[in-house]
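Subject: Handover of a structure and notes on it

Dear colleague,

Please find the structure below, together with its sequence. I would be grateful if you would read the notes with both in view.

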Amino acid sequence: AAANKASKVKAQHETLCVGCGQPDGAVPPRDPTYKRTVAMRKNGAIMLECSHCPRVMHVACARLKQMPKTQWTCVQHRCTACERNAADAGGLLFRCIQCPHAYCDECLVDGFEPEERCEAFEALNFKPPRTYEYIRCIECVFESKLKQAETPPKEAEVTHTPKKIKTSPAQPVTVTADGGMTSPTSPRRTPRKQ
């Protein structure tokens, strides 16, 4: 009975907009290509929750012309390039775990990185349907590599402490005829190493 209750736990939604990364109530960055109506200027910071997955998006980031009257479906349920849904695209969409992009098999560009799972969605109790495959899209892979290249490497840390060598004032050393050495404090002859 406890396992049955656990499987019926409702999935939660993310707290940051998948479009701009800002929380609910934050004003998303301005997009000069998007003409906002008076209603959108007023409601632009309102967060919409996808009715099919944990994604959330500001009304302004979703580029809606009007507020949805009922449920809203996020942009990851259609191919970013051709706008087909999973059913129209052979039953599968490749959803980026870092940005709002999703691609059908025909529009997916080489250079993406497959992901076995989306830990963020799992933490929200979301179980993906078979129509999802998780990836990091080529844009996110490129951006990640660019950030790594811009980050200066950390200096190597010293993992050992150098031993201090005891030094003494210079003492005269005499070199013997066979190449050995002697000193006044050590009258014994030090043979030359062969």
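This is a predicted model: local features need pLDDT of at least 70, side-chain atom pairs count only at pLDDT 80 or more; totals for chains, interfaces and linings use all residues.

Residues are numbered from 1 along each chain as its sequence is written, and side-chain values use heavy atoms, with hydrogens and water left out.

The chain as a whole

The chain has 4 helices and 9 strands. Helices (H or I, at least four residues) and strands (E, at least two) are DSSP runs, numbered from the N terminus. Read from the N terminus, the order of the elements is α-α-β-β-β-β-β-α-β-α-β-β-β.

Of the 194 residues in the chain, 28% are buried. Here buried means under 20% relative accessible area, exposed means over 50%, and partly exposed lies in between (1.4 Å probe, protein chains only). The chain has an accessible surface of about 14,700 Å², and carbon and sulfur atoms hold 54% of that surface. Accessible areas come from the Shrake-Rupley method with a 1.4 Å probe, and for residues only the protein chains shown count as cover.

Among contacts in the chain with a separation of 6 or more, 50% join residues 24 or more positions apart. A contact means heavy atoms within 4.5 Å.

The nonpolar cores

A nonpolar core is a set of buried Ala, Val, Leu, Ile, Met, Phe, Trp, Tyr and Cys residues joined through side-chain atoms within 4.5 Å. The largest one has 18 residues, and those that touch the most other members are Leu-48, Cys-53, Met-57, Ala-62, Trp-72, Phe-126 and Tyr-134. Strand E1 (47-49), strand E2 (56-58) and strand E6 (132-136) each give two or more residues to this core. Apart from it lies another core, of 13 residues, which includes Cys-79, Cys-104, Cys-137 and Cys-140.

Which residues does Trp-72 contact, once its neighbours within four places in sequence are set aside? They are Leu-48, Glu-49, Cys-50, Ser-51, Arg-55, Met-57, Ala-62 and Leu-64.

The cavity

The structure holds 1 cavity of 30 Å³ or more. On a 1 Å grid over the protein atoms alone, a cavity is a set of points where a 1.4 Å probe fits but cannot get out, and lining residues have an atom within 4 Å of a point. Grid points are joined across faces, edges and corners, and a volume is the space filled by probe spheres set on the points.

The largest cavity has a volume of about 30 Å³. Its lining consists of Tyr-103, Leu-108, Val-109, Phe-112, Cys-137 and Ile-138. By class, these are 6 nonpolar residues, with no polar and no charged ones. Ala, Val, Leu, Ile, Met, Phe, Trp, Tyr, Cys and Pro count as nonpolar, Asp, Glu, Lys and Arg as charged, and the others, Gly among them, as polar.

Val-109 lies in the loop between strand E4 (102-103) and strand E5 (113-115). Val-109 counts as partly exposed because its relative accessible area is 47%. Its C-alpha atom is 10.0 Å from that of Glu-139, which is 30 residues away along the chain.

Single residues

Is Cys-17 buried or exposed? Cys-17 is buried, because its relative accessibility is 3%. It is found in the loop between helix H1 (2-7) and helix H2 (38-43). Residues up to four places away in sequence aside, Cys-17 touches Gln-22, Met-47, Val-56, Met-57, His-58 and Cys-61.

Arg-130 is in the loop between H3 and E6, and counts as exposed because its relative accessible area is 84%. Beyond its neighbours within four places in sequence, Arg-130 contacts Gly-91 and Leu-92. Arg-130 and Gly-91 are 39 residues apart in sequence, with 8.3 Å between their C-alpha atoms.

Most residues other than glycine have a negative phi. Glu-83, in the loop between E2 and strand E3 (93-96), has a positive phi near 65°. Glu-83 is exposed, at 57% relative accessibility. Asn-125 also has a positive phi near 65°, and is located in the loop between helix H3 (119-123) and E6. Asn-125 is partly exposed, at 36% relative accessibility.

With kind regards

Terms used. On a 1 Å grid over the protein atoms alone, a cavity is a set of points where a 1.4 Å probe fits but cannot get out, and a pocket is an open set with protein on both sides within 12 Å along at least five of seven lines; lining residues have an atom within 4 Å of a point.
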